[in-house]
Amino acid sequence: MKFFIDTANLDEIKEANDLGILDGVTTNPSLMAKDGVTGTDSILKRYVDICEIVDGDVSAEVIATDFDGIVREGENLASLHKNIVVKVPMIKDGVKALKYFSDNGIRTNCTLVFSAGQAILAAKAGATYVSPFMGRIDDISWDGVDLIDQMVEIYANYGFETEILAASIRSPLHIVKCAELGADVVTTPLKSIMALLNHPLTDVGLAKFLADYKKGNA
Ligand code: E4P
């Protein structure tokens with residue numbers, strides 16, 4: 001399973017990259033705004049800065065919601081760096097654009113996916129990645145894990161090459177569930193990646209090993 005980090009913050013991206021487990025980055029307009037990156041030029045520059053840190057796919061989201069606008073913006077984003085994946089919303093013109101990009105060799109990430117039906121459409125249109133938003137599904141008292149389960153089954157039934165990029169991850173348990181089900185990628189905030197490290201028995205065990213070493217080597 002590939003690990004992407006879901007942030008526009010360069011320090012967080014460097015920290016995850018330094019851990020040696022990072023395969024890519026996803027961003028969205030909210031994450032850019034949260035990091036104080038505003039205005040087209042600054043946003044485009046941030047994508048390039050991210051691509052220079054991480055050797056892996058970097059999702060860059062279009063703002064346009066009409067077919068021509070999505071295509072224009074997506075082609076511009078894709079020209080920034082070979083690792084850019086154009087992030088396209090799950091709307092009617094978005095699906096048309098996914099097909100256009102797929103036919104023209106531009107890789108895509110279909111975002112804001114909340115149902116198996118949407119996931120089928122995105123795969124049929126040739127999306128490279130499809131992002132089901134697990135946490136936001138949980139937020140409305142449905143189960144994000146169920147959607148990943150459905151998608152894994154459906155994509156396997158038909159041999160879709162589209163990769164399942166589980167998004168809106170809120171906890172280390174989400175990551176483990178995705179791994180159990182066979183999601184291709186998880187994109188998570190830094191804190192969920194780091195939370196995978198923690199186990200109280202590791203802390204207790206390490207403290208004892210170090211104490212015993214000190215006793216024997218005093
Ligand atoms: C996916 O690519 C999105 O950026 C992201 O995972 C959304 O997560 P959120 O629901 O925590 O905003």
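Let's start at the ligand: Asp6, Thr26, Asn28, Lys87, Phe133, Arg136, Ala167, Ser168 and Arg170 are the residues around it. Keep in mind that this is a predicted model.

Now for the helices. Helix α8 covers residues 144-158 and helix α9 covers residues 172-181; their axes come within 10 Å and cross at roughly 20°. Angles under 35 degrees count as roughly parallel, so α8 is roughly parallel to α9. The crossing of this pair is right-handed. On the α8 side, the contact is made by Val145, Ile148, Asp149 and Val152, while α9 brings in Lys177, Cys178 and Leu181. Sorted by class, that gives five nonpolar residues, two charged ones and no polar ones.

Helix α8 has another partner to look at, helix α6 (residues 116-124): the axes of α6 and α8 also come within 10 Å, and they cross at roughly 40°. That angle makes α6 oblique to α8. Here, too, the crossing is right-handed. From α6, Ala116, Ala119, Ile120 and Ala123 meet Leu147, Gln150, Met151, Ile154 and Tyr155 of α8. This contact has eight nonpolar residues, one polar residue and no charged ones.

How values were computed. Residues numbered from 1 in each chain as written. Predicted model: local features only at pLDDT ≥ 70, side-chain atom pairs only at ≥ 80, totals over all residues. Heavy atoms only, no water. Axes fitted to C-alpha atoms, helices over the stretch in contact; angles between N-to-C directions. Helix = DSSP H or I, 4+ residues; strand = E, 2+ residues; numbered from the N terminus. Parallel < 35°, antiparallel > 145°, perpendicular 65-115°, else oblique. Left-handed = near helix turned anticlockwise from the far one by under 90°. Contact = heavy atoms within 4.5 Å. Nonpolar A, V, L, I, M, F, W, Y, C, P; charged D, E, K, R; others polar. Near = heavy atom within 4 Å.
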